[in-house]
Amino acid sequence: MVVGLLVADLRYSRLETARAFLDTLLIPVHTVADIPAAIGRWQERHLQSRSSLMEDNDHLSLENLVLKGRLQQMASLQANNARLRALLNSSALLRDDVLVAEVIGVAPDPVRHQLLLDKGGSDEVYTGQPMIDADGLMGQVIEVSAFTSRVLLITDATHSVPVQVNRNGVRAVAEGTGSLDLLEVHHVAATTDIVEGDLLVTSGLGQRFPIGYPVATVTRVERDPGQAFARIEARPAAALDRARHVLMVFARGDAVEAGAGG
Amino acid sequence: MVEQQARGYWVILSSFLIAYVLAVVPLTGLAAWLRPEWLAVVLIYWAIALPHRVGLATAMLAGLGMDVLEGAVIGQNMLALALVVLLSRLLYQRLRVFSIGQQALTVFFLAGVHQLVCQWIQAVEGAGARSLWFMLPALTSAVFWPLVLMTLRRARRHFEVN
């Protein structure tokens with residue numbers, strides 16, 4: 001019977017509804033497990049010294065100023081971009097809507113790179129939805145229950161993401177390795193123009209991840225003349241093991257066109 | 001097996017819930033690798049102490065919850081825990097008279113079986129090979145066995161679960 005269940009789940013994904021239901025039922029377990037961390041966060045919030053708070057505030061307002069300054073240019077650049085794309089007859093880039101979610105659990109098995117988020121089906125989270133943090137792509141949703149969802153990080157050994165080099169558009173696939181700070185890019189010809197320090201961004205191929213989100217920085221390129229392919233290692237841009245708040249990207253039908261009519 | 005009024009379901013149930021919570025409490029670094037298989041250890045205790053009440057069905061139900069909590073393939077923990085409980089039921093008469101050291105050694109083997117089964121199923125799933133580190137929880141489970149034994153025995157006697 002158990003073997004039957006195993007096969008049913010592994011091969012045919014028949015048990016998704018039952019799993020989602022049980023997942024919802026077991027939320028209290030995660031909530032209780034999160035209590036020590038919650039106490040830590042409460043302390044952090046309430047027992048901070050006045051001086052450190054003021055320092056933080058100064059720092060943040062400075063950062064805000066810098067970001068706002070950059071944003072001014074952004075608007076005109078976006079309009080410019082949309083105009084040029086219209087001239088080229090290609091579709092306008094879509095701006096994606098996001099939803100802020102909180103990480104409420106991590107997979108207990110250190111080899112599985114999965115997170116549990118506090119947003120689920122009731123917030124219209126869907127399977128396959130991409131997730132980012134402030135620095136780059138983090139992963140995608142693999143399971144949705146009513147109030148939580150489970151995401152697979154890009155560094156999980158079973159995860160791959162289509163990328164391109166930001167500098168010249170070379171396409172590749174970045175695969176997870178099971179180590180939190182390492183992605184490997186396989187099957188890139190030894191003569192391909194990829195060097196250390198190159199930024200890999202999502203290419204939008206495969207229709208799952210929207211185009212243009214930073215994924216990783218190339219840290220090592222090894223070209224062995226005896227091998228047909230280069231060995232390329234990259235470090236994920238997102239803070240995969242530190243992020244507390246993450247952004248769920250709605251890249252499907254509800255995205256709006258940026259700079260419409262421009 | 002004398003016909004007795006079964007009581008104290010909630011004690012067994014809450015021990016499982018505590019095991020669940022301990023199993024998903026976020027840990028980092030080495031601690032995550034060392035996390036004992038709490039649910040397996042608790043199940044072993046109940047299978048030894050109350051073999052007429054805690055059996056395969058309990059193990060499978062508890063395993064189902066664990067599968068969902070872990071996000072594992074449904075059936076992984078069910079199969080592993082069913083096997084563990086089956087083995088401990090075969091052994092329970094011997095286990096009861098063992099010294100605590102011998103019991104801990106047995107728990108090491110049982111938890112090792114649990115880890116191996118989980119490992120096989122994950123390999124079938126395509127999670128890829130990994131080092132022998134996955135056996136560490138078996139070791140820590142054995143280390144924590146005396147603690148679990150004392151706590152649960154006291155709880156069982158205090159609430160007169162039989």
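Which residue forms a salt bridge with A:Glu222? Figure 1 below has the answer. A note on the model comes before the views. This is a predicted model in which local features need pLDDT of at least 70 and side-chain atom pairs count only at pLDDT 80 or more, while totals for chains, interfaces and linings use all residues. Residues are numbered from 1 along each chain as its sequence is written, chains are lettered from A and ligands numbered from 1 in the order in which they are written, and side-chain values use heavy atoms, with hydrogens and water left out.

Figure 1. The partner of A:Glu222 is A:Arg220, with the closest N and O atoms 2.8 Å apart. A salt bridge here is a side-chain nitrogen of Lys or Arg within 4 Å of a carboxyl oxygen of Asp or Glu. A:Glu222 counts as partly exposed at 34% relative accessibility, and A:Arg220 is also partly exposed, with a relative accessible area of 34%. For these labels, buried means under 20% relative accessible area, exposed over 50%, and partly exposed in between (1.4 Å probe, protein chains only). Follow the links onward and you meet a network of salt bridges made of A:Arg220, A:Glu222, A:Arg231 and A:Glu233. Over all chains, a search of the whole structure finds 10 salt bridges.

**Figure 2. Two further salt bridges in chain A.** In one of them, A:Arg244 pairs with A:Glu102, and the closest N and O atoms are 3.2 Å apart. A:Arg244 sits in the loop between β12 (229-236) and β13 of chain A and A:Glu102 in strand β2 of chain A, so this pair ties together parts that are 142 residues apart in sequence. Helices (H or I, at least four residues) and strands (E, at least two) are DSSP runs, numbered from the N terminus. A:Arg244 is partly exposed at 25% relative accessibility, and A:Glu102 is partly exposed at 23%. In the other salt bridge, the side chains of A:Arg150 and A:Glu143 meet at 3.7 Å, N to O. Here A:Arg150 is buried, with a relative accessible area of 3%, and A:Glu143 counts as buried at 15%.

**Figure 3. Strand β13 of chain A and its partners.** β13(A) (residues 245-250) pairs with β2(A) (residues 97-106) in the antiparallel sense over six bridges. Strands count as paired if DSSP finds at least two bridges between them. To find this pairing in the view, look for A:Leu99, whose bridge partner in β13(A) is A:Met248. Strand β4(A) (residues 130-132) also runs antiparallel to β13(A), joined by two bridges, and A:Ile132 has A:Leu247 as its bridge partner.

Figure 4. β8(A) (residues 171-176) has a covered face with A:Ala172, A:Ala174 and A:Gly176, and an uncovered face with A:Arg171, A:Val173 and A:Glu175. In a regular strand the side chains alternate between the two faces of the sheet. The hairpin of β7(A) and β8(A) has five residues between the strands, and A:Gly169 in the turn has a positive phi of about 80°. β8(A) also pairs in the antiparallel sense with β9(A) (residues 183-189) over four bridges, where A:Glu175 has A:Glu184 as its bridge partner. In the hairpin of β8(A) and β9(A), six residues lie between the strands, and A:Gly178 in the turn has a positive phi of about 90°.

**Figure 5. The surroundings of A:Ser145.** A:Ser145 is found in the loop between β5 (137-144) and β6 (149-153) of chain A, and A:Ser145 is buried, with a relative accessible area of 4%. Not counting residues up to four places away in sequence, A:Ser145 touches A:Ala20, A:Asp23, A:Thr24, A:Gly120 and A:Gly121 (contact means heavy atoms within 4.5 Å).

**Figure 6. The contact between chain B and chain A.** The contact takes 32 residues from chain B and 26 residues from chain A. The buried area is about 2,700 Å², of which carbon and sulfur atoms give 72%; such an area is the accessible area (1.4 Å probe) that two parts lose on being put together, summed over both. In chain B, B:Val68, B:Leu69 and B:Ile74 lose the most area to chain A, together 24% of what that side buries. Between the chains there are zero salt bridges.
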